[in-house]
There are 4 protein chains.
Amino acid sequence: MKENKKNLSGKQLSKRNAIIKAAIDVFSHKGFHKAKISHIAKLAKVADGTIYLYFNNKENLLVSAFDELTENILNEMKNTINYEKTALDRLLKFFDLHVEMFTKQPAVVRFLAIELRQSPDFYEQHPSYNPLKEYITFIEKLIIDTITENSIRVVDPKALTLIIFGTMDFLLAEWSTKNQPFSLVEMKEKIVDIIHWGIRKG
Amino acid sequence: MKENKKNLSGKQLSKRNAIIKAAIDVFSHKGFHKAKISHIAKLAKVADGTIYLYFNNKENLLVSAFDELTENILNEMKNTINYEKTALDRLLKFFDLHVEMFTKQPAVVRFLAIELRQSPDFYEQHPSYNPLKEYITFIEKLIIDTITENSIRVVDPKALTLIIFGTMDFLLAEWSTKNQPFSLVEMKEKIVDIIHWGIRKG
Amino acid sequence: MKENKKNLSGKQLSKRNAIIKAAIDVFSHKGFHKAKISHIAKLAKVADGTIYLYFNNKENLLVSAFDELTENILNEMKNTINYEKTALDRLLKFFDLHVEMFTKQPAVVRFLAIELRQSPDFYEQHPSYNPLKEYITFIEKLIIDTITENSIRVVDPKALTLIIFGTMDFLLAEWSTKNQPFSLVEMKEKIVDIIHWGIRKG
Amino acid sequence: MKENKKNLSGKQLSKRNAIIKAAIDVFSHKGFHKAKISHIAKLAKVADGTIYLYFNNKENLLVSAFDELTENILNEMKNTINYEKTALDRLLKFFDLHVEMFTKQPAVVRFLAIELRQSPDFYEQHPSYNPLKEYITFIEKLIIDTITENSIRVVDPKALTLIIFGTMDFLLAEWSTKNQPFSLVEMKEKIVDIIHWGIRKG
DNA sequence: GATGAATGAGTTTTCATTCAT
DNA sequence: GATGAATGAAAACTCATTCAT
């Protein structure tokens with residue numbers, strides 16, 4: 001049951017989802033170490049022990065929450081940007097969506113911004129754990145498409161990915177930890193302007 | 001005595017520095033919560049209790065270490081870039097130095113990457129905690145100078161700061177947590193090329 | 001229903017027996033406290049809750065299993081030794097059978113060895129719990145018969161019982177916990193020789 | 001500190017001894033699993049955490065207590081029986097002392113009788129753990145001496161050891177768990193009579 | 001001032017038992 | 001009657017912090 005969520009009944013699945021949702025909420029406010037299982041259980045309206053029917057331990061709950069969250073977000077984004085015709089539009093739309101989605105769900109942005117940075121020891125012990133890999137891979141693919149369709153000049157896709165993701169990530173972290181000190185949408189547009197200018201065709 | 005390091009004798013000062021150095025080392029490897037005071041004490045070759053003669057508590061040690069670290073780094077950088085003649089050169093040099101310095105001191109880059117992101121609760125409990133504030137302010141000032149000297153087009157300094165710092169931060173994080181998967185210097189130059197292009201005069 | 005197994009249908013009885021059998025197996029490997037109800041249930045191929053339809057709680061399951069086990073063993077032994085003509089032969093045969101039976105069922109000897117020794121608190125809470133009482137009483141009766149028929153000299157039956165049972169118990173415990181470090185049958189015969197010599201007619 | 005008690009100061013040593021004493025007391029009354037560390041700590045008048053300065057964990061505390069107890073008892077016995085002239089007298093004296101010592105310290109006999117029987121899994125995981133090994137080896141040596149000095153007939157020393165230790169062990173277990181249902185000293189003499197008779201020279 | 005032994009609050013996790021289906 | 005998901009009480013253990021030496 002813990003290894004696979006496919007075998008769960010509808011009722012169990014909704015219970016599992018309630019736990020994941022509560023976990024994201026608590027982890028994002030408290031951080032992993034200060035988050036208490038009993039707090040998550042209370043929010044999810046289950047007993048403490050119930051969490052252990054669905055997840056092996058606290059760390060596994062964090063990882064599962066992270067994985068499902070990024071998977072869901074990415075799927076939703078992919079669906080939305082497909083309405084754009086050119087690869088460049090899709091890339092720009094992706095930037096918009098990233099900011100928009102996280103504006104609507106502040107807990108989520110906190111969760112991703114804070115918990116992304118685990119201790120180096122954590123990464124050494126879990127070499128395969130790469131929560132944002134798909135997300136970043138997807139950005140890179142968008143960039144390659146944009147170059148291929150000749151909308152922007154030829155740049156190193158990895159370098160551009162680092163700029164785009166790093167900037168978005170830091171933008172949202174600053175905005176949320178400093179209590180929204182600037183207009184997120186305006187700032188985003190100024191950033192896009194600079195980056196876009198940096199990659200436009202000569 | 002704990003609030004102020006000015007009254008300390010030479011011997012005490014070197015003890016305090018040993019503790020800070022050990023703290024950065026341990027925090028950067030373990031993260032704040034998994035770091036043990038006893039481990040820091042052992043590395044600094046002092047007794048556990050001695051740490052509490054210099055710092056109020058573990059959190060205070062983290063904040064102090066962070067502050068002194070960024071202050072030192074910043075001072076060193078300021079000295080070095082002053083040899084550059086134009087503001088633009090100083091900005092570009094700053095980027096170079098940031099990457100170079102952290103390549104030489106991997107623990108430091110880890111430390112910044114980890115400790116930069118505390119939980120919202122942490123920020124609420126430490127309203128004055130504003131890590132990197134001076135660092136970021138300095139970047140912003142460099143940018144304003146560069147615009148003023150007319151070396152680049154007029155962009156929002158805050159926006160460009162977010163791009164520069166966010167990208168540098170993520171670049172170093174990816175490079176260190178993924179075990180140096182690319183040449184740091186080459187990647188840096190590709191990134192600088194894109195950003196520079198994005199802000200060059202039309 | 002829990003107190004009495006007489007009202008059970010055939011199907012229920014076989015389910016109850018499966019639980020008892022599984023309980024002996026698990027208790028004998030894990031000891032009482034480390035044995036899990038869920039493990040016993042799995043072995044018996046019933047649901048965890050089903051066990052509570054037949055037994056009040058874990059402790060009651062232990063006591064019931066113990067009682068039935070010794071009862072069954074004792075009945076079987078009584079039947080077998082009745083073929084012996086003299087009381088002395090029956091006593092000697094009993095010793096043989098004890099060793100033989102437990103060689104064939106190692107789980108059972110472990111079970112007896114472990115469960116025989118509960119903590120004083122356990123005995124205080126279960127004043128009626130007197131494991132092996134019938135078994136030991138039976139040995140004592142055999143001894144009395146043997147004295148009565150004048151096959152051995154007059155000794156205190158209780159004392160001889162302690163020797164016989166204590167020796168058998170420790171012999172089997174040493175043999176099983178130390179991984180059969182000696183030939184059980186040969187050792188048994190050497191022991192019988194000594195004890196027999198100690199009680200033979202002067 | 002945990003590996004070696006030789007480096008401890010006098011004060012620490014007395015604290016360690018207080019913990020061991022309290023542990024024997026609590027383990028012997030409650031058994032290992034129902035014994036609470038907090039209870040042992042309270043009895044020893046130390047904080048819960050202090051126990052972990054001297055022992056790695058609960059199991060290690062049990063093993064340490066067991067080892068030191070048997071070592072102390074054995075040493076005391078060796079000293080005392082050395083006043084006896086013949087090996088046979090030493091063997092008989094040993095039997096006396098065993099019963100006498102445990103009569104004076106009921107908690108100790110409960111501890112040895114109950115905790116000796118760990119679960120088979122415990123022995124599998126700790127193959128080297130053989131708490132009574134020295135004790136039993138010593139009995140065997142006494143027996144060999146007795147045979148050598150020609151005081152008793154030639155019997156298998158291992159077989160006689162099993163009889164002597166098994167009987168003593170069970171005698172004391174019955175006596176203590178059944179609330180002293182007979183005179184221990186009288187029963188002991190009846191037992192010695194039988195065993196002695198069984199091994200006397202023909 | 002420096003030490004490090006001692007403290008004890010705090011939290012994850014297990015598992016016997018229950019009860020809705 | 002049978003099931004097994006859910007419950008929640010209970011306890012070992014850790015580690016920041018204190019304070020007697």
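A polar contact is a pair of N or O atoms within 3.5 Å; within protein, one atom must be able to donate a hydrogen and the other to accept it. The model examined here is predicted. Across the interface of chain D and chain C, five residue pairs meet this rule, both residues being at pLDDT 80 or more.

On the side of chain D that touches chain C, five elements of chain D give two or more residues each: helix 1 (10–30), helix 6 (106–115), helix 7 (120–125), helix 9 (157–177) and helix 10 (184–199). Helix 9 of chain D supplies the largest share, 14 residues. By class, this side of chain D holds 21 nonpolar, 11 polar and 15 charged residues.

Charged pairs also span the contact. Four salt bridges are counted between chain D and chain C. One of them joins the side chains of C:Asp156 and D:Lys190, with an N to O distance of 2.8 Å.

The size of an interface is often given as the accessible area lost when the parts come together. For chain D and chain C, the area buried between them is about 4,200 Å². Carbon and sulfur atoms account for 67% of that area. Chain D contributes 47 residues to the contact, and chain C contributes 49 residues.

The symmetry of the pair was then considered. Two copies of a chain are related by a rotation about an axis and a shift along it.

Chain A superposes on chain B by a rotation of 180 degrees and a shift of 0.1 Å along its axis, with an RMSD of 0.4 Å. Among the residues of chain A, A:Gly198 comes closest to the rotation axis, its C-alpha lying at 1.5 Å. Here, 100% of the interface residues of chain A are also interface residues in chain B, so these copies meet through the same surface.

Note on methods
Residues numbered from 1 in each chain as written. Chains lettered and ligands numbered in written order. Predicted model: local features only at pLDDT ≥ 70, side-chain atom pairs only at ≥ 80, totals over all residues. Heavy atoms only, no water. Contact = heavy atoms within 4.5 Å. Buried area = accessible area lost by both parts, 1.4 Å probe. Polar contact = N/O pair within 3.5 Å; in protein donor to acceptor, adjacent residues only side chain to side chain. Helix = DSSP H or I, 4+ residues; strand = E, 2+ residues; numbered from the N terminus. Nonpolar A, V, L, I, M, F, W, Y, C, P; charged D, E, K, R; others polar. Least-squares fit on C-alpha atoms with pLDDT ≥ 70 in both.
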